[in-house]
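Keep the structure open as you read.

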Amino acid sequence: MITIDQLKDVLEREQALRGYLDVDAKTIQLEEEELKTQAPEFWNDSKTAEAQMKIVRELKGWLKAYGEVKSAAEELQLAFDFVKDEIVTEEEVDAAYAKTIKLIEDLELKNMLRREEDQLGAVLKINAGAGGTESQDWASMLFRMYQRWCEDKGYKTTVTNWQDGDDAGIKTATLQVEGDIAYGFLKSENGVHRLVRVSPYNAQGKRMTSFASVFVVPLVDDSIEIEVNPANLSWDTFRSSGAGGQNVNKVETGVRLHYNYTDPDTGESQEIVIENTESRSQLGNRENALRLLKSQLYEIELEKRRAAQAQIEAGKKKIEWGSQIRSYVFDDRRVKDHRTNYQTSDVNGVMDGDLDDFIKAYLMEFGGA
């Protein structure tokens, strides 16, 4: 059974969270923000109204999460006190402790993700590396892994681009993820993912190594102002296609956006290309491609801020986006993150979307960077 010191630690962490989150101030703020929604003309401007409702939802979310921690901590203390009277068993106390610790750790982690961009949705793009069918199959496995993780979190996902592999898997796919703090969590997945397995596509049954890259940027919403110069935009159209329920058209509804971006600080230029095949209408695809462009431009600005911060924090470990971040070794039953050294033998669980421990280890080490 847990010790008195473990109980004290739980109660201290619950009180610390109350302070970090400024629960009393948030409670007052929620009352004030909800009052604004009761104005007769509130829904006259739907855009402003939705922004206000988002503020209310976020405040409610923080208070609800803290309330669950407080209730669990109080129940744990009662269970600990009652065990000597045999009203509850030691096993029940330990179960209450495990539940409370998980709630505390989840809220502590969420509290680390307080930056503006952390609160946004995410755009997750997966590209198969060199290696043909094997790498393309690996890319599709990663895509499924992230879809499962998003489903478990209750996030809304939309496939905005999909290109089938030559024989199996995918060459590239883009997943739009909508939900609170999606980017805050998924930014840990940026980088190259390495697979080692006995390939089903190799007749000799050899052990093969494959790579796929994952790029994650924040999904901008109406609260983020991003300037797009129409003079630097051009468009191509093409026929959408794809397997597994993807949109298949005989008309050119797919769009390819080209944007010439010039860095205002360095003068360097680059072409940003975004494809969108989500909608059955060309207009819908154009609108979403512009949104994805704004997300990418926002990420460029954030990267500048991160670079400036990194110069200030010179001693901080550098996180290379293009580096190999994680290895999935199927026959050795091992998935290891090379940045944190966290690893697990539950390969099947990971491939089914159980990524929380990897995400948590990354955020704890890099402080939500």
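**Aromatic rings and their neighbours**

Phe-366 is buried, at a relative accessible area of 4% (buried means under 20% relative accessible area, exposed over 50%, partly exposed in between, with a 1.4 Å probe and protein chains only). This is a predicted model: local features need pLDDT of at least 70, side-chain atom pairs count only at pLDDT 80 or more, and totals for chains, interfaces and linings use all residues. Residues are numbered from 1 along each chain as its sequence is written, and side-chain values use heavy atoms, leaving out hydrogens and water.

**Ring pairs**
- The whole structure holds 7 aromatic pairs (rings of Phe, Tyr and Trp, its six-membered ring, with centres within 6.5 Å; planes under 30 degrees apart are stacked, over 60 edge-to-face, the rest tilted).
- Trp-149 and Phe-185 are edge-to-face, because their planes meet at 75°, with centres 6.4 Å apart.
- Trp-149 is in helix α5 (residues 133-153) and Phe-185 in helix α6 (residues 182-186), so the pair ties together parts 36 residues apart in sequence (helices are DSSP runs of H or I, at least four residues; strands are runs of E, at least two; both are numbered from the N terminus).
- Trp-149 is buried at 0% relative accessibility, and Phe-185 is buried at 15%.
- Tyr-362 and Phe-366 make a tilted pair, 5.0 Å centre to centre with 45° between planes.
- Both lie in helix α9 (residues 356-366), 4 residues apart, about one turn of the helix.
- Ring pairs link Trp-149, Tyr-155 and Phe-185 into a cluster.

**Charges over a ring**
- The charged end of Lys-110 sits over the ring of Trp-62, 4.5 Å from its centre (NZ of Lys or CZ of Arg within 6 Å of the ring centre and within 35 degrees of the ring normal).
- The charged end of Lys-26 also sits over the Trp-62 ring, 5.9 Å from its centre.

**A strand residue**
- Thr-158 lies in strand β2 (residues 156-164), and is buried at 13% relative accessibility.
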